[in-house]
Amino acid sequence: MRTGGWRRVNTGARRFVSGGARLQVVSRSDLGRPWHGFRRPTCGVNVSASAARLYPRGRAPSFAMQARAALSTGATVDPVVSPGWLAENLGSVKVLDATWYLPSKKKEGRETHRVGPRIPGAKYFCIDAIASQDAASLKHMLPPPDAFAAAADALGLKNSDTVVVYEANGMAFAAARAWWMFRCFGHENVKVLNGGLPAWIREREAGGGPASAFGLDESEAPEESVDAGGNASVSAQAAGGGGSSAAYRAELNPGLVVSKADILSDLDLGKGKKMHLLDARGAARYKGTEPEARPGLRSGHIPGSFSMPFASLICDDGGLMPAEALMKNDLVLRALEEERAGKFITASCGSGVTACVVALAFARLGKDVAVYDGSWTDWGADTSCPIETG
């Protein structure tokens, strides 16, 4: 049976951050198609209890859903940087290696980082360890803010730092996930290295090898250094929270995260639904013709979602499509059209990793995209959640 339920929401002084601006959820006219039951708040959102009567089974849109409906990014700077840009700015930014592999590869990202080669000064960001350690949680779900702050502290990061994330897989997996995580916790000045480590190495080879500006650290990194961020996150959660002593400050922006309950609530709206949901998995998995790798997961997709394989957004050289090419992509144009009609774009995938590639692509166009953190691992395992095939 589906769970959820409507409750009155009072946000108090909670704020949403996008592009460094303080945002306020506003009146019905600002949302395109109105949510029933709104009244203009002084800060955040209050929704009248009468709205409960308008939604089936007592569910109504959550505070995060309402906020996303009004969210408009202030980002005008490309979140993707070239190897040349990083080489020029290497001394003034903090570099993180978020290399991660699918379980089927039987490889460990931390080991790839440890043995090298690495971009000089890079530290390891483990999406499995800097994640919720709740026994009931799925893998690499967002950690509590205190745990993220502890990890950032251990990695030597400050809120004012420019952070650049890369991975050994090019653009395929976790660099975009790490980028999205930083944004979720209010760190807007975070970028992804276009093409990742392979692109950096190509520039090095083209520019004269070791003598070029594209240096490589080929020494082995100490174990304690490699695990510093992950261990700090795990320890903070084991301590039970209750406030962080970290100098780094993390505050969750719920406007960038979608839950299963949010999607179920939106499906209940029928033709009035407010999400435009993009599925970043391969087309065969979306259609349900290819079985899921994880045992017990059904095949198919969330009703009403659209297939946008993350690989279709990556160029042959392993870099993310530039904005000009994205604006020629029919699926991207359809999503932007739906956004102009009052919907907010949301991304899903297998386990919340490659959906972040979709979010990164839209960020190149100045658009915020929320990510369903649990994605198909969460939805497909719950037999009460509806699915479609084909």
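Which residue in S9 is the bridge partner of Val163? The legends below take up this strand and its surroundings in a predicted model.

**Figure 1. Strand S9 and its parallel neighbours.** Val190 in S9 is the bridge partner of Val163. Strand S8 (residues 163-166) and S9 run parallel and are joined by three bridges. Strand S5 (residues 80-81) also runs parallel to S9, with two bridges between them. There, Val80 has Val192 of S9 as its bridge partner. Strand S9 spans residues 190-193. Val190 and Val192 point one way from the strand, Lys191 and Leu193 the other way, and all are buried. Buried means under 20% relative accessible area; exposed means over 50%, and partly exposed lies in between (1.4 Å probe, protein chains only). Strands are DSSP runs of E with at least two residues, helices are runs of H or I with at least four, and both are numbered from the N terminus.

**Figure 2. The open five-stranded sheet.** The strand order is S5-S9-S8-S6-S7, with parallel pairing. Two strands pair if DSSP finds at least two bridges between them. S5 and strand S7 (123-124) are the edge strands, each pairing on one side only. Strand S6 (residues 94-97) pairs with S7 in the parallel sense over two bridges. Asp97 has Tyr124 as its bridge partner in S7. Strands of a sheet pair through backbone hydrogen bonds, either parallel or antiparallel.

**Figure 3. Helix H8 and its buried face.** H8 covers residues 228-238. Gly229, Gly230, Ala232, Ser233 and Gln237 are its buried residues. Seen down the axis of H8, they fall within an arc of 165°, so they line one face of the helix. The arc is that of the directions from the helix axis to the C-beta atoms. Helix H4 (145-154) is among the elements that cover the buried residues of H8. Gly240 follows H8 and has a positive phi, near 90°.

**Figure 4. Phe148 and Phe182, an edge-to-face pair.** A search of the whole structure finds seven aromatic pairs. The rings of Phe148 and Phe182 are one of them, edge-to-face, at 5.0 Å centre to centre with 80° between the planes. The pair links distant parts of the chain: Phe148 lies in helix H4 and Phe182 in helix H5 (residues 174-184), 34 residues apart. Phe148 is buried at 1% relative accessible area. Phe182 is buried too, at 0%. Rings of Phe, Tyr and Trp (its six-membered ring) pair if their centres lie within 6.5 Å; planes under 30 degrees apart count as stacked, over 60 as edge-to-face and the rest as tilted. Ring pairs link Phe125, Phe148, Phe182, Phe185 and Tyr248 into a cluster.

**Figure 5. Trp200 and Phe214.** The ring centres of Trp200 and Phe214 lie 5.0 Å apart and the planes stand at 80°, so the pair is edge-to-face. Trp200 sits in helix H6 (residues 196-206). Phe214 sits in the loop between H6 and helix H7 (223-226), 14 residues from Trp200. Trp200 is buried at 0% relative accessible area. Phe214 is buried at 11%.

**Figure 6. Arg281 over Trp376.** Arg281 lies over the face of Trp376, at 4.6 Å from the ring centre. A charge sits over a ring if NZ of Lys or CZ of Arg is within 6 Å of the ring centre and within 35 degrees of the ring normal.

**Figure 7. Helix H9, largely enclosed.** H9 spans residues 260-267. Six of its eight residues are buried, so the helix is largely enclosed by the rest of the structure. The buried residues are Lys260, Asp262, Ile263, Leu264, Ser265 and Asp266.

**Figure 8. Asp373 and its contacts.** Asp373 lies in the loop between strand S14 (370-372) and helix H14 (375-379). Asp373 is buried, with a relative accessible area of 8%. Leaving out residues up to four places away in sequence, Asp373 touches His140, Met141, Leu142, Arg177, Trp180, Val257, Val258, Ser351 and Gly352. Contact means heavy atoms within 4.5 Å.

**Notes to all views.** Residues are numbered from 1 along each chain as its sequence is written, and side-chain values use heavy atoms, without hydrogens and water. In this predicted model, local features need pLDDT of at least 70 and side-chain atom pairs count only at pLDDT 80 or more, while totals for chains, interfaces and linings use all residues.
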